[in-house]
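Dear colleague,

Please find the structure below, together with its sequence.

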Amino acid sequence: MTAYRYGEFHDGPDPLAPPYDVRAALDEMGDAILSGSTPVHALRDLLKRGLPGARDRRGLDDMLREVRRRRRELRESGRLDGTLERARALLDKAIGQERAELFPDPSDDARLREAELDTLPDDTAGAIQALTPYEWRSAAARQTFEELRDLLRREVLDSQFKGLRDALANPDPEAMERVRQMMSDLNDMLDKDARGEHQQADFDDFIAKYGDMFPEKPRNLDELVDALARRAAATQRMLASMTPRQREELGNLIDETLDQSGLSDQMRRLGEALAARRPDLAWDAGERMTGEEPLGMGDAVTALEELADLAQLETALRQDYPGARLDDIDEAAVRRALGRSAVDDLEGLKRIERELEEQGYLLRRRGKLELTPKAVRRLGETALRRVFSSLDAGRRGDHDQHDAGSAGELTGSSRPWRFGDEQPIDVVRTLVNGVRGGGLRTGSGAGTSVRLSVDDFEVAETERRSAAAICLLVDLSYSMALRGTWAAAKQTALALQALVAAKFPQDAVQIIGFSNYARVLQPDELAGLDWDMVQGTNLHHALLIAGRHLDRHPDFEPVVLVVTDGEPTAHLMRNGRSAFEWPPSSETLELTLAEVDKMTRRRATLNVFMLAGDDRLKEFVDEVARRNGGRVFSPDADRLGEYVVSDFLRVRRAR
């Protein structure tokens with residue numbers, strides 16, 4: 001037996017979190033796609049919003065808001081001259097203590113010492129350098145000056161190596177010698193890597209000796225270089241963010257401290273190596289800090305390092321540059337800035353994109369994302385569900401039933417199942433076949449079971465229903481987009497297509513789009529279809545195409561539905577060219593109404609759904625209704641699908 005071990009959960013994705021439903025993701029994209037957005041833009045918008053209903057999941061916009069909030073907090077956390085201010089205060093304190101010791105002494109030596117103190121350089125670094133060989137008379141002053149030296153040593157090293165400040169809280173010669181040896185070994189390792197001689201074992205040995213100095217816990221040399229380079233660049237940005245006087249004074253303090261510690265040459269070598277390896281970092285970009293609290297040098301560098309990370313992360317999260325991809329977002333930066341849960345959220349968003357392709361909803365062709373037929377069918381089913389959800393409760397029984405004989409009425413007989421059959425399984429006949437074939441199994445513990453083979457299955461036979469030839473004529477003119485009715489028209493077409501495919505598979509449906517010309521629209525292109533930015537509403541051409549569809553199915557019941565927001569303003573001439581005129585010419589109206597009369601002779605009821613209330617349009621559709629006997633509807637755009645589907649079902653029930 002397989003053994004399992006369970007323990008406390010520490011890190012990684014939540015094992016109990018529900019997975020993203022890519023069908024729900026596609027539904028979320030649907031509204032944008034049907035409004036004219038491309039699949040790639042609709043997907044990007046979804047990833048920015050996040051998927052509603054997913055537990056504790058954030059979209060890119062949520063992460064972006066958190067990053068911007070954190071950047072504001074860091075900028076307001078303090079000012080950068082805290083080390084300078086504290087160093088100056090300790091220096092002044094030491095000098096004051098020394099003067100207090102010298103003042104009571106009447107000797108010439110005391111006066112000479114006071115004169116030496118009077119002539120100290122104005123800048124802190126110069127004064128510290130001048131006082132380094134000074135023989136302090138005051139023990140308190142000597143202690144304060146040593147405290148100043150220790151402060152600078154810790155702050156300068158902490159600005160380069162995060163965590164050394166605490167390690168050197170009580171420095172001794174052995175501790176400083178270990179730091180010098182670490183820097184020497186580090187530079188040697190970088191030189192060896194530059195020559196192509198570095199091995200992982202070299203890094204492992206280095207970390208075994210000095211791992212306590214690197215709280216980032218790097219796993220290889222690249223990670224170590226990345227951490228050190230980001231901090232070194234932050235130190236340079238700190239200097240660039242100061243006033244020229246502050247920059248000069250702090251720079252001199254750093255140089256003086258490194259000289260006194262015997263680290264100047266090693267630090268220079270390290271800085272040059274890091275800058276050469278990571279030239280992409282913003283080494284000299286200043287940052288505006290608005291806080292009042294003075295920050296020590298190490299804390300200031302840490303704040304600027306995090307600000308740089310957040311700035312890069314913000315750019316990646318915006319995804320507004322050419323070729324932007326979720327893979328551009330650095331998961332390590334997300335973890336540092338927003339925590340482990342944000343990494344899980346990001347991985348969830350990436351999984352949506354992958355699953356939409358792997359499950360066959362999106363196809364990447366020539367670098368562009370396209371909807372597959374499977375996705376179009378899903379959008380149609382979603383549009384149909386929305387239509388049914390808005391219908392009156394008293395009329396929903398017929399809409400939502402999952403009729404086993406959707407392709408016909410049950411006859412009571414059955415036949416062997418064939419691949420592709422959609423008729424219901426005859427369970428009794430299937431089990432009887434299995435028993436007759438020797439599939440009956442009797443066990444003491446499992447009870448009785450029947451083993452079935454493919455040949456045992458039978459399906460219930462149905463009688464074919466009367467079929468209908470349906471034509472849905474959809475206006476593609478630019479005015480549909482201007483009035484905001486274009487998305488509703490596409491949703492309606494998809495819903496009708498899905499309804500016929502699911503409930504009336506024997507019907508022959510054709511969707512025709514028309515602007516200056518008319519054309520047959522394939523189901524797969526409906527979702528990505530856009531309006532035509534041309535002049536002309538050529539209903540004449542659309543009725544011609546619809547008539548040919550009806551003539552190809554003479555035994556089918558004819559159903560013609562027209563969705564438009566304007567009267568006909570174009571017709572097809574004998575040479576096949578479109579003629580446009582506005583206001584509509586008499587020839588356009590006569591030719592269009594002639595096609596309406598042909599529909600009447602075909603016994604096709606022509607129902608018109610008006611999406612505008614123009615007087616000329618009302619006059620035209622009233623004439624169509626008078627000649628044909630069809631009905632006229634004037635629905636709101638958001639109820640168009642409900643009207644069209646309801647009318648279609650009414651006609652089918654009547655037939």
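The model is a predicted one. I begin with Asp456, which sits in the loop that joins strand S5 (447-450) to strand S6 (458-464). Asp456 is buried, yet no salt bridge is formed by it. The nearest side chain of opposite charge belongs to Arg451, and it is 8.5 Å away; a salt bridge would require a side-chain nitrogen within 4 Å of a carboxyl oxygen. A polar atom of the Asp456 side chain does, however, lie 2.9 Å from the backbone nitrogen of Ser453. Leaving aside residues up to four places away in sequence, Asp456 touches Arg429, Thr430, Asn433, Gly434 and Arg451.

Which residues of H25 are buried? They are Leu617, Phe620, Val621, Val624 and Asn628. These residues lie on the same side of H25, because they cover an arc of only 90 degrees around the axis. In general, an α-helix has 3.6 residues a turn, so residues three or four places apart point the same way. The buried residues of H25 are covered by elements including helix H23 (539-551), helix H24 (586-601) and strand S13 (605-610). On the face turned away from the buried side, H25 carries the exposed residues Asp615, Glu619 and Arg626. After H25 comes Gly629, which has a positive phi, near 85 degrees.

With kind regards

Terms used:
Residues are numbered from 1 along each chain as its sequence is written. This is a predicted model: local features need pLDDT of at least 70, side-chain atom pairs count only at pLDDT 80 or more; totals for chains, interfaces and linings use all residues. Side-chain values use heavy atoms; hydrogens and water are left out. Buried means under 20% relative accessible area, exposed over 50%, partly exposed in between (1.4 Å probe, protein chains only). Helices (H or I, at least four residues) and strands (E, at least two) are DSSP runs, numbered from the N terminus. The arc is that of the directions from the helix axis to the C-beta atoms. Contact means heavy atoms within 4.5 Å. Lys and Arg count as positive and Asp and Glu as negative; His and the chain ends are not counted. A polar contact is a pair of N or O atoms within 3.5 Å; within protein, one must be able to donate a hydrogen and the other to accept it, and residues adjacent in sequence count only if both atoms are side-chain atoms.
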